[in-house]
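Here are some notes to read alongside the model. Keep the sequence open next to them while you go through the points.

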Amino acid sequence: MTLYIDPPNWPGHGRMWSHLVSDVSFAELHVFAERLGVPPRAFERDHYDIPSHRYADAVRAGAVEIGSKELVRRLTDAGLRRPKGRPA
């Protein structure tokens, strides 16, 4: 099981956020997020939004730190990318 997380560079709701993804399946991603205690509402189309204060928790749990462009590339190459405006 390999999950990936990008740096918390994304602003929103007064916080900075990271994206947590799988390059294998959404099932794998959901299991990992549940183990971390991430609420289901944090899932958005193809990733979980992780607040910056939980970034280290995700890494300690096994998420691999990668850059945002690499994260999107891996997600796209796996056929799991679901951009806004495209049906799931």
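1. First, what I mean by a pocket: on a 1 Å grid over the protein atoms alone, a pocket is an open set of points where a 1.4 Å probe fits, with protein on both sides within 12 Å along at least five of seven lines, and a lining residue has an atom within 4 Å of a point. The largest pocket here is lined by 28 residues, and W17, H19, H47, D49 and I50 are the ones nearest its centre.

2. A word on what you are looking at. This is a predicted model, where local features need pLDDT of at least 70 and side-chain atom pairs count only at pLDDT 80 or more, while totals for chains, interfaces and linings use all residues. Residues are numbered from 1 along each chain as its sequence is written, and side-chain values use heavy atoms, with hydrogens and water left out.

3. Back to the largest pocket: its volume is about 510 Å³, taken as the space filled by probe spheres set on the grid points, which are joined across faces, edges and corners. What is the lining made of? It divides into 12 nonpolar, six polar and 10 charged residues. At least two lining residues come from each of β2, β3, β5 (47-51) and α3; helices (H or I, at least four residues) and strands (E, at least two) are DSSP runs, numbered from the N terminus.

4. Now look at helix α3 (residues 68-77). Which of its residues are buried (under 20% relative accessible area; exposed is over 50%, partly exposed in between, with a 1.4 Å probe and protein chains only)? They include S68, L71 and L75. These cover an arc of only 60° around the axis, which puts them on the same side of α3; the arc is that of the directions from the helix axis to the C-beta atoms. K69 and D77, on the other side, are exposed. The buried residues pack against β1 (3-5), β2 (10-12) and β3 (15-22), where contact means heavy atoms within 4.5 Å. After α3 comes G79, with a positive phi near 75°.

5. D6 sits in the loop between β1 and β2 and is buried, at 1% relative accessibility. Leaving out residues up to four places away in sequence, D6 touches S18, H19, Y55, I66, G67, S68 and L71. D6 and S18 are 12 residues apart along the chain, with 5.5 Å between their C-alpha atoms.

6. D23 is partly exposed, at 27% relative accessibility. Beyond its neighbours within four places in sequence, D23 is in contact with T2, Y4, R74, A78 and L80.

7. Last, the aromatics. How many aromatic pairs does a search of the whole structure find? Two, counting rings of Phe, Tyr and Trp (its six-membered ring) whose centres lie within 6.5 Å; planes under 30 degrees apart are stacked, over 60 edge-to-face, the rest tilted. F26 and F43 are edge-to-face, at 5.9 Å centre to centre and 80° between the planes. This pair joins helix α1 (residues 26-36) to strand β4 (residues 43-44), with F26 and F43 17 residues apart. F43 and Y48 have ring centres 5.1 Å apart and planes at 55°, so that pair is tilted. Y48 is buried at 5%, as is F26 at 15%, while F43 is partly exposed at 23%. Together, F26, F43 and Y48 form one aromatic cluster.

Terms used. Ala, Val, Leu, Ile, Met, Phe, Trp, Tyr, Cys and Pro count as nonpolar, Asp, Glu, Lys and Arg as charged, and the others, Gly among them, as polar.
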